[in-house]
Amino acid sequence: MDPLIVFFGFAVGILIGLTGVGGGSLMTPLLLIAGGYSPVVTIGTDLAYGAITKTVGGWRHLRAGHVDLRLSWWLAAGSMPGSVLGVIVVNWLHDKYGHDFEPYLLGAVAVALAFASSATLYRALFRPGLIAKERHAAVLEGRVHLIGTVTIGFVLGFVLGMTSVGSGALVGLVLILLYRLKPRRVVGTDVFHAAVLLWTAGTANLLYGNVDFGLMGTILVGSLPGVWIGTALVPYVPVTGLRYALGIILAAASLGVASKAGADLPPGILAGVPLALAIFTWIIHRRHPMPMKDHPAEARA
């Protein structure tokens, strides 16, 4: 059992419990860069372990009243088949092109990470203007809204099935921008929906033989207690500050995976971009400060 993988699982589990983000977005690049595992097995194992981890977090958020169940199931109606299609496409391409396909798959993971980083930082830095319009539950009225929700779920599920990225950062952004849920409802609904989605995608990868059970067990040793602790800390930890850090880490991970895919990125870029983002985030937060904790009344929402 690799202690480093256990530590990765624990740290990522805490982030999942706190913010709903960090599963595929962080574990996949960690395993690709530090672990040296093949992209297809990394993605498959990540989705399978994430299903168990987010089930623990989703159950705790459900009991705490942080889940919009109706919205979760309508998103899942699209994301579940979308994720299966993503897994099928990845495995078809891998079977057809073999190892020649791996740099392209790594490139797709890098792009998804970059988008997740942008989504996470946008969510953390520019959310204040949406606070007045936040709701306890999404408004899903009429066929157009329902079909649109299923379609959004399908696209997000396909991206996740292809890259293992998106169940937290991208879905969370959708819950804020389109459905305007309160922060705790965003995290709870995000984690609960991700559990349903990841069981589907993880099972599809299991059928393709892309799950390394030894690796998955090692990650779970750390991630299960991590997500339990993270979920319990939600009312007490400055989640906004965590999202700043997470967005910058995702950007660094994107560059690292892109470099592994063959992109010629000098050390100045690999270190300079995250540093520049950190400075930019600090400047924006200083100019437009927002509470690092949600209002106590909202914590009970």
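The model is predicted, and the protein chain has an average pLDDT of 81, with 85% of the residues scoring at least 70. Its largest nonpolar core holds 56 residues, and a second, separate core has six residues.

**Confidence**

- Confidence in the protein chain is highest in helix 4 (residues 69-97), with a mean of 92, and lowest in helix 12 (residues 296-299), where the mean is 38.

**Nonpolar cores**

- Within the largest nonpolar core of 56 residues, those with the most contacts inside it are Met27, Tyr49, Leu113, Leu175, Ile219 and Val257, and helix 5 gives the most to this core, with eight residues.
- One of these residues, leucine 113, touches Ser25, Pro29, Val165, Leu250, Ala253, Ser254 and Val257, when residues up to four places away in sequence are not counted.
- The second, separate core of six residues includes Ala124, Tyr244, Ile248 and Ile284.

**Asparagine 91**

- Asparagine 91 lies in helix 4 and counts as buried because its relative accessible area is 5%, where the cut-off is under 20%.
- The side chains of asparagine 91 and asparagine 210 are joined by a polar contact of 2.8 Å.
- Beyond its neighbours within four places in sequence, asparagine 91 is in contact with Asn210 as well as Val40, Asn205 and Tyr208.

**Phenylalanine 126**

- Phenylalanine 126 sits in the loop between helix 5 (102-125) and helix 6 (142-163), and its relative accessible area of 39% makes this residue partly exposed.
- Leaving out residues up to four places away in sequence, phenylalanine 126 touches Leu121 and Ile284; Ile284 is also included in the second core.
- Although phenylalanine 126 and isoleucine 284 are 158 residues apart along the chain, their C-alpha atoms are separated by 9.1 Å.

**Alanine 276**

- From alanine 276 to isoleucine 248, the C-alpha to C-alpha distance is 9.4 Å, and the two residues are 28 residues apart in sequence.
- Isoleucine 248 is itself included in the second core, together with Ala124, Tyr244 and Ile284 among its residues.

Notes: Residues numbered from 1 in each chain as written. Predicted model: local features only at pLDDT ≥ 70, side-chain atom pairs only at ≥ 80, totals over all residues. Heavy atoms only, no water. Helix = DSSP H or I, 4+ residues; strand = E, 2+ residues; numbered from the N terminus. Buried < 20%, exposed > 50% of the residue type's maximum accessible area, 1.4 Å probe, protein only. Contact = heavy atoms within 4.5 Å. pLDDT = per-residue confidence, 0-100. Polar contact = N/O pair within 3.5 Å; in protein donor to acceptor, adjacent residues only side chain to side chain. Core = buried A, V, L, I, M, F, W, Y, C linked by side-chain atoms within 4.5 Å.
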